[in-house]
Amino acid sequence: MKNRVLWSVVLTVLLAFLGFAMVACQESGTKEIKIADMDCLSGSNADAGIQDLNGAQLAVDDINAAGGIKALGGAKLKLVAVDMTSDPKNAASTAERVFSTEKVVAAKCPGISGIALPMLPIAEKAQVPVICNSINDQITGQGYKYTFQIAPHGSQFGNAQVQFLKWLNEKYKLGIKDVAVVYENSGYGVSTAGGVKDFVTKGGFNLVLYESYPHGFTDASSLVTKVKASKAQALFPVAYTTDAKLIISTMNQMNVHPVVVGGGAGFIWPAFFTELGPAANGFVSVASWNWDSKAMSSKPELAAITERYQKRFGAFMGEHAGPSYVAIRMFADAMEQTKSSDSKKIRDYLATYNNSGLIGGMMQPGTIKIDSTGFNGVVHPVMIQWQDNLPRTVYPEVDASRSYMPPKK
Amino acid sequence: MNPTIFLQTTLNGLMTGGVYALVAVGLTLIFGVMKIVNFAQGEFVMLAMYVSWMLATFAHIGPYPGLLIVGAVMFGLGYAAFKFLIVRVIGKPDEAFILLTLGLSIVLQNLVLVIFGAEYFSIDTPIKDEAFHMGGLSLSVPRLIAFLVALLMVAGLSILLNRTDLGRAMRATAESREVATLLGINPIRCFTIAFAVGIVLAGAAGVLLTPMFYVFPGVGTLFNLTAFVVVVLGGMGSVTGALLGGLIIGIVEALSSTYISLDLSQLFTFLIFLAVLFIRPSGLFGGAAK
């Protein structure tokens with residue numbers, strides 16, 4: 001009995017000592033600052049989400065390798081990868097859980113608009129600054145104080161696509177008049193296609209088909225038959241990867257070949273090439289960002305980032321990875337400048353963010369300037385064309401790294 | 001009305017209908033013999049798609065050459081599912097079977113989710129973009145193959161059920177289990193074979209779908225509802241009915257998609273379904289020979 005009491009006392013003292021030692025070590029060691037990357041890591045949008053995460057992870061590793069946050073004694077950043085799944089219904093509850101348990105000072109919001117929108121009020125309530133690389137206009141259209149958006153608005157996409165088509169007509173005498181728009185019947189599809197529709201009619205084109213399809217449909221032959229029947233010379237499809245691949249492969253099977261001007265997303269991600277192979281070359285799409293736009297490729301330090309990404313992840317840095325990388329660097333920049341990892345101070349610094357250096361240089365036109373709504377008001381989309389198995393920036397000419405290759409007649 | 005577009009649409013519908021029939025035929029066989037509805041049929045299609053995808057990705061065996069391997073795997077799975085699970089509810093009220101197969105479908109879907117994650121996979125085979133072109137019409141090769149195999153399956157099943165001793169034993173068991181037992185037929189053996197063959201048919205459907213669709217845990221549910229509609233429309237338990245039902249649904253869907261709206265195509269499918277049931281409550285071939 002005596003022995004047992006003695007052992008209990010010794011064990012308690014030892015445990016207490018260990019506990020104190022651990023706390024002491026943590027306090028004297030380098031501080032760790034947690035940033036969340038909240039993306040769709042599973043489900044139908046996982047291919048985009050994983051690119052987002054890769055971009056954010058590269059940024060964190062680059063910052064840590066260069067000595068961490070110097071203004072905070074070399075504090076290291078820790079990326080907390082959060083799977084938001086691809087279901088908007090889970091977004092708010094996942095965000096609620098992360099903000100209440102993970103003690104993150106900032107978060108990169110989902111690259112998919114439909115998942116980003118439901119989590120923004122939660123970030124606002126938790127007072128955690130979030131930077132979005134998703135494109136829905138409503139992200140910065142609802143008066144949130146803790147939300148910032150560096151990618152162009154979805155409503156700018158339609159204009160960019162139509163301007164591009166006009167430019168093609170003028171420069172390459174394609175004589176395109178009849179245009180078809182097909183879109184996924186979802187928040188992303190309806191809002192993007194609506195923008196395209198307005199600009200198509202205002203731009204002097206004939207809208208010969210405006211057709212929605214259900215998300216996750218299993219057969220695109222009826223849709224492609226409609227495109228064929230409409231005799232459209234140009235097609236504007238708005239689709240995520242799986243549907244984009246289904247539409248394009250059905251068009252190939254059915255020998256329907258209008259000039260395709262993709263609505264971003266599924267048409268510019270690496271999976272598009274994985275599925276189509278060299279047949280992807282020639283396809284054109286609007287993009288919120290591209291790895292080889294002039295802003296990126298003209299500066300060796302920035303070009304080195306895309307090379308590091310390609311080497312590490314085995315794919316080019318896409319429109320999700322690039323701005324995701326930028327978002328993490330903006331958080332780090334805010335911590336350096338404010339000498340603090342306080343969420344409120346980071347938010348206040350980002351609210352008037354204006355950078356034309358290496359961080360701002362990554363976004364077209366080479367500057368990031370956050371306006372009063374939290375939106376990067378100077379940004380514009382680019383047009384890409386698949387050439388030599390990679391998406392190359394071809395328009396506007398000020399951003400272009402390659403010339404457009406007209407379709408073979 | 002442009003005749004080429006009309007013909008193309010009808011062709012699209014026929015091919016899609018073949019795919020639906022393919023998924024439905026296994027379901028109707030199990031119902032015809034065992035008088036039970038297998039709610040996990042779509043999940044067995046999904047499992048076969050994963051096996052086919054693994055064969056193509058890791059062993060470089062394409063979906064069509066791999067058909068026999070997948071068939072054997074699915075027979076094993078069907079046999080095991082019957083021996084360990086289904087047999088326990090034979091002779092019990094219908095709810096037991098409904099709950100068991102519904103539960104099995106949830107378990108299978110989540111098991112695959114845990115093992116493979118929710119990512120979409122597709123196989124890399126040159127045939128998936130192949131098509132025949134003729135006078136402005138085009139015909140996708142993987143869909144044509146699926147359609148032809150659906151016809152072959154229906155013919156093969158009809159021969160099995162009508163011309164072989166095993167088939168006669170199955171039909172006798174379906175008619176009356178007690179009488180069949182008195183005649184020396186082992187009903188459990190008939191049920192085992194019918195269930196396993198039904199799962200093999202689901203497997204064949206899965207393999208033939210792999211070049212056309214993506215492989216992901218929820219893919220079975222995309223076809224499940226349509227397969228039930230096809231089976232009920234054709235007459236529960238009728239193999240010929242499943243084929244005809246599949247083709248009708250495929251054509252209605254294609255015509256309404258092309259001439260009305262893609263978003264409304266399901267509405268028309270169900271309207272036709274209701275109309276047929278109104279006129280013939282037991283389905284087109286309901287009550288006929290299995």
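**Helix H1 of chain B**

Author: Of the 32 residues of H1(B), 25 are buried, so the helix is largely enclosed by the rest of the structure. A residue is buried if 20 or more other C-beta atoms, placed from the backbone, lie within 10 Å of its own. Helices here are DSSP runs of H or I with at least four residues, strands are E runs of at least two, and both are numbered from the N terminus. This is a predicted model, in which local features need pLDDT of at least 70, side-chain atom pairs count only at pLDDT 80 or more, and totals for chains, interfaces and linings use all residues. Residues are numbered from 1 along each chain as its sequence is written, while chains are lettered from A and ligands numbered from 1 in the order in which they are written.

The end C-alpha atoms of H1(B) are 45 Å apart, which agrees with the 46 Å that its 32 residues should span at 1.5 Å a residue; the expected span is 1.5 Å times one less than the number of residues. A kink of about 30° is centred on B:Ala24, the bend being the angle between axes fitted to the seven residues ending there and the seven starting there. After H1(B) comes B:Lys35, with a positive phi near 60°.

Notes
Buried ≥ 20, exposed ≤ 12 C-beta atoms within 10 Å, placed from the backbone.
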